[in-house]
Amino acid sequence: MSSIALRKKDAFAVVAPPAPASSPHPSAAALTESAARVAARSRARPAPTGYRRAQAPDWLLKAVASVIGFALFVCAWAAIAKFGGRIPGPAAVWDAAVVIFSDPFYQKGPNDQGIGWNVLSSLKRVGIGFGLAALVGIPLGFVIGRFRFLSDMAAPIIAILKPVSPLAWLPIGLLLFKAASPAAIYAIFICSLWPMIINTAVGVQQVPQDYLNVARVLNLSEWKVFTKILFPAVLPYMITGVRLSIGIAWLVIVAAEMLTGGVGIGFWVWDEWNNLKVEHIIIAIFTIGVVGLLLEQMLMLVARRFNYS
Amino acid sequence: MDKYLHIENVGMTFETKKGPFVALTGIGLAVKKGEFVSLIGHSGCGKSTLLNLVAGLLSPTAGGMILAGREIAGPGPDRGVVFQNHSLLPWLSCHSNVHLAVERVFGAVEPKAKLKARTQAALEMVGLAHAADKLPQEVSGGMKQRVGIARALAIEPKMLLLDEPFGALDALTRATLQDELIRIVSNTGATVLMVTHDVDEAVLLSDRVVMMTNGPAATIGDVLEVDLPRPRERLALATNARYIHLRGRVLEFLYHRQAKRAA
């Protein structure tokens, strides 16, 4: 494997939980407004019953815009492929994708498996690394958020380690575990840890004083304060931490697997590069994107469930 | 006089970055059992601070307070507090919000069915039995505040502390809730200390109106006995000469003796 310069931009950020969706959906407002206008008009002119100005529904406009955007993207891609030499065009990639996705779970030895297995083993690594990070990071975030002294203790360490690319930890992982897969999981663990700690801690510090006052005037037990007030109040922040962590983990796993090899979507990308199957690399890029999108959407759904504003 | 709540020479000084800030000084007040006392004054006069002191959320830097023969040393469920912004926990239903308080106070000695009955009774008292299973965000501002009152009264406190309970409501809802509070207080015989900046509310509801001077170093400027007979009726009082006189006294205190320059 020739050495490559891997550059990864990782962006950790403390992000407040999704802004309270207090304002109604803009389209809903627009709809009621137009409904009011229609009503006003029909009051003024009682004659034509059932008359309505044709207006495309909001979702349709959105869908049309998405389709046009995607079509333009494919056109640009086709143009680049036509004049740019080695890049395969959309049609070639589509044909290759049909072949690949018609049998995603084949297995011909450890280094030749279907794309389904590759994605699943990457997801498994992300799941384990992320799960361990949640087990460590969320309780740690709680105590750091609750106790000022611990927060001051942890601050410099987090500040120094947070901006480090998780891939820099990979050699340490290889040294510790002497195997590729645990080292990749270790890198995921490290990169998932910081957003989880930081967001949970911020969440704990942001618990409204009003709620804590309720706990104080009722003299609630520590356990009740935790289960009825702290935990539910921090949950949206925790979910934001989880969402950031998973997003970063999914970015990192591809690069980590390129370096460690084995099975996984990142390894697959590198393997197909060595085989010079560029169509497959493009398929991998789309697959990684779609899986990342699905993960994000899933967590958004969870976040919405726990949004109480 | 039967002094149920006794506030003696209480002062409160906050340590700020710019040095000590004297919020309250020399506060002396005695409240009888079953009495309804309002604290009124311009914003920043420390009336909420005084209520928080009685609630035990703050500790006075001078003086002491005694409630029903025991010194107030911290917050506790013997005082039911209704906060201005309702402070309901948004992830709990109205029922669960009240039940949390009931369980805390009676959970150790009463069976679960009794706790549930208490919670339901409290919600019925404020006319919200039908909304018991709704989340706070699903009910109106006035209803939220009623749940807050139910939560405070469900624990059978020695004293009810209201911190501008209707301040965030519109005028009509406020009037309805005031009438409701009159009814609830006369039914339960609760001892009440209420912070308000609404002159009509103070005179309509109270047995005594405690008028506070402007801060810093605010103290009690005057105390007005509201000797209007009960039950009081909003419409009848609107033209009652005694009511108008008492109301005028409070207004005179606020806008003449303690006139505040426009901020």
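**Exercise 1: the fold of chain B**

Of the 263 residues of chain B, 43% count as buried, a residue being buried if 20 or more other C-beta atoms, placed from the backbone, lie within 10 Å of its own. The model is predicted, and local features need pLDDT of at least 70, side-chain atom pairs count only at pLDDT 80 or more, while totals for chains, interfaces and linings use all residues. Residues are numbered from 1 along each chain as its sequence is written, and chains are lettered from A and ligands numbered from 1 in the order in which they are written.

Task: determine how many helices and strands chain B has, and why chain B is described as being as compact as a globular protein of that length.

Solution. Counting DSSP runs (helices H or I, at least four residues; strands E, at least two; numbered from the N terminus) gives 8 helices and 10 strands in chain B. The radius of gyration of chain B, taken over C-alpha atoms, is 19 Å, close to the 18 Å from the globule rule for 263 residues, so chain B is as compact as a globular protein of that length; the rule is 2.2 Å times the number of residues to the power 0.38.

**Exercise 2: the open sheet**

Task: state the strand order of the open sheet of 6 strands in chain B, and find which strands stand at its edges.

Solution. The order is E6-E7-E8-E3-E9-E10 (chain B), with mixed pairing, where two strands pair if DSSP finds at least two bridges between them. E6 and strand E10 (220-225) of chain B each have a single partner strand, so one side of each is left without a neighbour in the sheet. E6(B) pairs with strand E7 (residues 159-163) of chain B in the parallel sense over 4 bridges, and B:Val82 stands opposite B:Leu162 in E7(B).

**Exercise 3: a helix pair in chain A**

Task: describe how helix H8 (residues 209-218) and helix H9 (residues 222-260) of chain A cross, and which residues meet.

Solution. The axes, lines fitted to C-alpha atoms over the stretch in contact, with angles from 0 to 180 degrees between N-to-C directions, come within 11 Å and cross at roughly 180°. H8(A) and H9(A) are therefore roughly antiparallel to each other, a label for angles over 145 degrees. A:Tyr211, A:Leu212 and A:Ala215 in H8(A) meet A:Val225, A:Ile229 and A:Ala233 in H9(A), contact meaning C-beta atoms within 7 Å.

Conventions:
A residue is buried if 20 or more other C-beta atoms lie within 10 Å of its own, exposed if 12 or fewer, and partly exposed in between; C-beta atoms are placed from the backbone. Angles under 35 degrees count as roughly parallel, over 145 as roughly antiparallel, 65 to 115 as roughly perpendicular and the rest as oblique. Two residues are in contact if their C-beta atoms, placed from the backbone, lie within 7 Å.
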